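Got the viewer open and a selection tool ready? Let's take a walk through this one, a stop at a time.

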Amino acid sequence: MVEQNLRYRSDEPVSDPAVTVDAFADQSNATAVRIEPGDDARALLPHLDRIALVEVNFPAYTDGRGYSAARILREHGYAGELRAVGDVLLDQLSHMRRCGFDSFAPDQAISSEAAEKAFATWPDVYQKTVDGRPAIWAKRHPA
Amino acid sequence: MYQYDSYDQSMVDARVAEFRDQVERRLAGDITEDQFKPLRLKNGLYLQLHAYMLRVAVPYGTLNSRQMRMLGDIADKYDRGYGHFTTRQNIQYNWIKLEDAPDILADLASVEMHAIQTSGNCIRNTTSDQFAGAAADELVDPRPYAELLRQWSTFHPEFDYLPRKFKIAIIGSETDRAAMKLHDIGIQLVKNDAGEIGCRFYVGGGMGRTPMIAPVIGDFVSPLQMVSYAEACLRVYNRYGRRDNKYKARIKILVHEIGADEYRRQVEEEFAHILTLGLEPPAAELERIKGFFEQPGFAAGASDELDLSDPDFALWVDQNVHAHKQPGYAIVNISLKPTGGIPGDATADQIRLMADLALAHSFDELRVTHAQNIVLPHVKKADLYGLWQKLDEAGLAAANLDLIGDIIACPGLDYCALANARSIPVAQKISNRFADLGRQRELGELKLKISGCINACGHHHAGHIGILGVDRKGVENYQLLLGGCEGADTSLGTITGPGFNEDGIVDAVEKATDVYLAQRAEGERFVDTYRRIGMAPFKEAIYAKEPVNG
């Protein structure tokens, strides 16, 4: 399988292997961690300053827990790479980006052209999330 | 009513373009049916037994005449000349071709409508009180809040792959006409002693195979924090709702398993965090939306006099016309339950006629009710007789609102891929058995609800008389439930005992009504008598052995 990664960051990719959330707590030098759907993303909050990469695994695209995990990390100030891995499909990319993911390693390759098109699906958004886009209500009522 | 601005319009237009692209990719074989399924479901497109079914959202059940007319035109152009109004205040078309679906969505978008999130494991169309803005007993008009929820829940990026579907209802009257406590979230707008408005959040209700009445989770949430509180409720559910078993995945199971107190604690914790993020639309946005729901220009001094000399008209007024807050006006309920008909079905011509009548007599407004009827919310009493005559000519004047003929039924095995048994023929047989309106009126308020499977789309748990169709070794079998109720005194029905075949269930319903007639006390409804005397007398009558002739 070709290693494929859509990445929307300008810093250098992290080469460290991602460890599990449990292992991460015991390894004070680890900089990359992998969240499974059942993991509590908040367990990472005390360690955000030393994390450079969080992989959020989607074993099946229908399991949406990773969207909440991503938002929680970003809402608490995590600024490192947030990568969606696994059963990540074209039609999920736009929402994932809105929840704070900035890189994608899908099981099935997605072309960067198709991804760009997916990100441009919505001219505007109804909700304020962590992606910095102003919600429609904010545009209607500029401060 | 609410009107789209350029932002709202561009969102539904974007959805049409996105779905057109998805359908093209599917038809070209670029994506598999498995991959396409969640995409079409998010556009309300189900693959049913015979064809695709398209479910169109009617946000909080409110329509103008232009939208209603489009629903009739779509029925003619893309379906077989009729549509089916649902228990979630939506409309479904049963004979849709996949390749037509993008064009239908484009037609809908041209009248500010869509099929967004009418299926799939996401936040569904928010429902509300069909008498909103018109009812005499209304405390707060729920529609602006429902619109706020519509926008917040539309394409919500975090909650598109929830453990299971998620349904929200919101009301602003003491009388609950929306079965609010039987929703994943039910919001009741209330006022405190200081006259301030608050949102009472009931969370974890539902029907399906494990019916539950929602407990109060947030007693008095500020309307200016309603979206944040809902966000907190959903986030806790998205993270901790069960995903191991589809039948235990609704939020009611989570709330039940961890308990209302623990769920509330988690929500409050998440809520406190979310309040720091500034996700709530500002007060000015709620005010902007409220501006669309100002009361229409009622004629001052309109007369309350009604000429009831036509007895059929008088019956219809008595049964189907409801008190309006404005003197000289009334709320008209159009029953889609003619004798022997299919509950909730209307032909394209009927749909267009109702649109015309709304434009002429109801300030251009209609509502769809969860009981699968249509409401004209603001009709001048002086117009009622002429209106009734036109309805009568079109077969739309059944005077049976809330009577046994006003049956709720899901599409059942005639259409639905999930069903175990047919619902429609049972509804038709019961409707025919009780065709005599005098007999129906003698029985009084009697809500009969039929589901063709355990998923309970026909709300059988909440029927004074409920019927559940099951499959017993390849044969359709119907269980009878008694004592369910929606509204302020919500209760869940109890199964009487062994099930019946299609004719047997009709007989059993009739026997139950006989027990009620024999035992009722002054002023009691069927459900009141049941609550007073209990199941035993009903059971005895229903299962009594027939004497053998000869």
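Start by selecting chain B and colouring by secondary structure: there are 17 helices and 20 strands (helices are DSSP runs of H or I with at least four residues, strands are E runs of at least two, both numbered from the N terminus). What you're looking at is a predicted model, in which local features need pLDDT of at least 70 and side-chain atom pairs count only at pLDDT 80 or more, while totals for chains, interfaces and linings use all residues. Residues are numbered from 1 along each chain as its sequence is written, with chains lettered from A and ligands numbered from 1 in the order in which they are written.

Zoom out on chain B. Its C-alpha atoms fill a box of roughly 75 × 60 × 55 Å along the principal axes. Of its 550 residues, 55% are buried, meaning that 20 or more other C-beta atoms, placed from the backbone, lie within 10 Å of the residue's own.

Click Arg367(B), and you'll find its bridge partner in strand 15 is Val375(B).

Now for the place where the chains meet. How many residues does each chain bring to the contact? Chain A brings 26 and chain B brings 30. On the chain A side, helix 2 gives the most, with 5 residues.

Last stop: Arg98(A), in helix 3 of chain A. Is Arg98(A) buried or exposed? Arg98(A) is buried, with 24 other C-beta atoms within 10 Å. Show what surrounds Arg98(A): beyond neighbours within four places in sequence, its contacts are Val125(A), Thr129(A), Asp131(A) and, from the other chain, Pro157(B). Finish with a C-alpha to C-alpha distance from Arg98(A) to Ala70(A): 9.6 Å in space, though 28 residues apart in sequence.

Terms used
Contact = placed C-beta atoms within 7 Å. Buried ≥ 20, exposed ≤ 12 C-beta atoms within 10 Å, placed from the backbone. Pairing = 2+ DSSP bridges.
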